[in-house]
Amino acid sequence: MTDSVPESTRQTLERLYENPEDRLTSLFEIAADDEQVDAQVTVFKALANELRVRILDALRDGEMCACELQVVLDAPQSTVASHLRELADAGVVKKRRQGKWTYYRIGDTAVLQLLDIAAALDG
């Protein structure tokens, strides 16, 4: 793995560290796991849309059916369904069926904390 390091990077590490090979090894050990990064990117992509954030804000107070979310968003059923599917695929919301109705809720309250942090960073 250390063979893939560009020569210029290797030379810089040789100037900075007494044992550059040990440092290279430690750098490879702290590199993020690809699956973990992919999962994080999926969640952030799901959150990177105004209507999806509005859906999550609406769900703060509890479960809602898709038709209620249509009213909250003032959006057509197909739009709401598309955004709910994206959120569900990312694991951000959970759904349950009751008869012909589908109800949605926050999948994990950590997503609400993340949205609160984002609001605080902007403020």
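Predicted model: local features only at pLDDT ≥ 70, side-chain atom pairs only at ≥ 80, totals over all residues.
**Entry 1: Thr9**

I started with Thr9, which sits in helix α1, residues 7-16. For helices I went by DSSP runs of H or I with at least four residues, and for strands by E runs of at least two, numbered from the N terminus. Is Thr9 buried, exposed or partly exposed? I read a relative accessible area of 35%, so Thr9 is partly exposed. My cut-offs here: buried is under 20% relative accessible area, exposed is over 50%, and partly exposed lies in between, with a 1.4 Å probe and protein chains only. I also looked up Thr9 against Leu24: they are 15 residues apart in sequence, and their C-alpha atoms are 10.0 Å apart in space.

**Entry 2: what I am looking at**

Numbering runs from 1 along each chain as its sequence is written, and side-chain values use heavy atoms, with hydrogens and water left out.

**Entry 3: the overall layout**

I counted up the secondary structure and got 7 helices and 3 strands. Along the sequence they come in the order α-α-α-α-β-α-α-β-β-α.

How far does the C-alpha trace span along its principal axes? I noted about 65 × 35 × 20 Å. The radius of gyration is 22 Å, whereas a compact globule of 123 residues would have one near 14 Å. That radius is taken over C-alpha atoms, and the globule rule is 2.2 Å times the number of residues to the power 0.38.

Buried residues come to 24% of the 123. Of the contacts with a separation of 6 or more, 46% join residues 24 or more positions apart; a contact means heavy atoms within 4.5 Å.

**Entry 4: charges**

I found 14 positive and 22 negative charges, with their mean positions 11 Å apart. Lys and Arg count as positive, Asp and Glu as negative, while His and the chain ends are left out. Each charge is placed at NZ of Lys, CZ of Arg, CG of Asp or CD of Glu.

**Entry 5: cysteines and Asp74**

How many disulfides does the structure hold? I got 0, taking a disulfide as a pair of cysteine sulfur atoms within 2.5 Å. Cys65 is buried at 6% relative accessibility, whereas Cys67 is partly exposed at 34%.

Last, Asp74: I found this residue in the loop between α5 (66-73) and α6 (77-89). Its phi is near 55°, a positive value in a residue other than glycine. Asp74 counts as exposed because its relative accessibility is 74%.
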